[in-house]
Amino acid sequence: MSDLLVSGAVKRFGDVEALRGVDLEVGAGEFFCVLGPSGAGKTTLLRAVAGLERLDAGTIRSGGRDLTHAPVQGRGIGMIFQTFALYPHLTVHDNLAYPLREARLDPAQIERRVGEVAELLRIGHTLRRRPATLSGGEQQRVAIGRAIIRRSKLLLLDEPLTNLDAKLRHDTRVEFKRLHRELRMTMLYATPDQLEALTMAERIGVLREGRIVQVGTPRDLYQAPGDSFVAALVGAPRMNLLPAVLANGGRAVALPFLEVDGGPWATALGRFPAGTELWFGIRPHDLAPTVDAQAGPRFRATVHLTEPLGDVTVLDLTVGGTVFKMVLPEERAVRYRVGDEVPVGFAVANTHVFSRQTGTAIR
Ligand SMILES: Nc1ncnc2c1ncn2[C@@H]1O[C@H](COP(=O)(O)OP(=O)(O)OP(=O)(O)O)[C@@H](O)[C@H]1O
Ligand SMILES: [Mg+2]
């Protein structure tokens, strides 16, 4: 059962087409992330769902109702904004109670709900204080509390972690997963951060320039990106995308320093003429120094830069004029220094090929 159905959503701001025909279906109780770079249209999409922007075309349905022209109030949708605005002159308690007072709940019920939400979000100790006296993370939890206190079934979250520091971001990611489990709400969560999307979402829709270009589980997007944009967006460090051409009668992918054949793309490549320009994709985690007896493609590269990250090290390698990255566990990386030659190998099963003309994955 779907809880939110967006069909053909178009939104223009003058000459800017912020949404260019967005189709999206979010299941009841699902944690769905909209992942896209700045300017992709995430906020516009969420604001349209909330009723804060009027669409130029398309429809929005939720819980079996057509909401396209419904007023903001009464949609039964909660929203947490990129900048979480709390009322500075009200205490935390009154910030939380505000939406319920607006909805004219009786005072005893309001007190009970404020207590429940404060306990759920662990902000009970802050209820008498004003927002300015809280830490960033506490303020964020109050903003979450205010969005969920009305118990809407659908919660929209627009980059809610952007203004938090790294540690708080991590803790709050965990918190959102717990809240999602405990409240059984449908969550539509917009973020430009692929790590947030991969760690929290049950499914992700990738938004690019006002269009959804791929929808799938985190695993789908990581293992089978539909195009080079998604391939580069999902996973860190990002997938190496090396310029290549189709060679050997349409059977092999020719890199400047290596010919590769027999990958998961081999059959599909047969449809393209020799000389077709391609991107050859391999993730930094899928490259490793070879040992002598190892099967699979291999080549020699030179260490250009090392970037120790603690448990792993990112090695920047060059071969000819091509630069790419390899990730190694720290204990394997320590033996390599800038200028060293490394024998590098990989499994063809882990490689991706994209058309350079359209960006589309070939498989
Ligand atoms: N009120 C507006 N007037 C004019 N243009 C707008 C308006 N709101 C959004 N836009 C434009 O629409 C496009 C999408 O903007 P939107 O805010 O939805 O992007 P976003 O994905 O949320 O980006 P970010 O990650 O930076 O928040 C951008 O080009 C933006 O400049
Ligand atoms: Mg935004």
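**Figure 1. The residues around ligand 1 in this predicted model.** Let us start with the ligand and its neighbours. The shell around ligand 1 has 13 residues, and Ser38, Gly39, Lys42, Thr44 and Glu159 come nearest. Strand E2 (16-27) and helix H1 (42-50) are the elements that give two or more residues to this shell. The largest share belongs to H1, which supplies three residues.

Figure 2. How much of ligand 1 does the protein bury? Taken alone, ligand 1 exposes 640 Å², and the protein buries 61% of that.

**Figure 3. Asp227, a buried residue with no salt bridge.** To find this residue, look at the loop between helix H7 (218-223) and helix H8 (228-233). Asp227 is buried, yet the nearest side chain of opposite charge, that of Arg208, is 4.8 Å away. A salt bridge would need a side-chain nitrogen of Lys or Arg within 4 Å of a carboxyl oxygen of Asp or Glu, so Asp227 has none. What does the side chain of Asp227 have beside one of its polar atoms? The backbone nitrogen of Phe229 lies 3.0 Å from a polar atom of this side chain. Leaving aside residues up to four places away in sequence, Asp227 touches Val213, Gln214, Phe354, Gly359, Thr360 and Ala361.

**Figure 4. A cis peptide bond between Ala236 and Pro237.** Most peptide bonds are trans. The bond from Ala236 to Pro237 is cis, with omega near -10 degrees. Pro237 itself is found in the loop between H8 and strand E11 (240-247).

**Figure 5. Arg104 and Arg184, two residues with a positive phi.** Most residues other than glycine have a negative phi. At Arg104, phi is near 60 degrees, and at Arg184 phi is near 50 degrees. Where in the chain is Arg104? It is found in the loop between helix H2 (92-102) and helix H3 (107-121). Arg184 has its place in the loop between helix H5 (166-183) and strand E8 (186-191). Is Arg104 buried or exposed? Arg104 counts as exposed because its relative accessibility is 74%, which is over the 50% cut-off. Arg184, at 71% relative accessibility, counts as exposed too.

Figure 6. Along the principal axes, its C-alpha atoms fill a box of roughly 75 × 45 × 35 Å. How many of the 363 residues count as buried? The share is 49%. Among contacts in the protein with a separation of 6 or more, 66% come from residues 24 or more positions apart. The protein exposes about 17300 Å², and carbon and sulfur atoms supply 50% of that area.

Conventions:
Residues are numbered from 1 along each chain as its sequence is written. Chains are lettered from A and ligands numbered from 1 in the order in which they are written. This is a predicted model: local features need pLDDT of at least 70, side-chain atom pairs count only at pLDDT 80 or more; totals for chains, interfaces and linings use all residues. Side-chain values use heavy atoms; hydrogens and water are left out. Helices (H or I, at least four residues) and strands (E, at least two) are DSSP runs, numbered from the N terminus. Buried means under 20% relative accessible area, exposed over 50%, partly exposed in between (1.4 Å probe, protein chains only). Lys and Arg count as positive and Asp and Glu as negative; His and the chain ends are not counted. A polar contact is a pair of N or O atoms within 3.5 Å; within protein, one must be able to donate a hydrogen and the other to accept it, and residues adjacent in sequence count only if both atoms are side-chain atoms. Contact means heavy atoms within 4.5 Å. A residue is near a molecule or strand if one of its heavy atoms lies within 4 Å of it. Accessible areas come from the Shrake-Rupley method with a 1.4 Å probe; for residues, only the protein chains shown count as cover.
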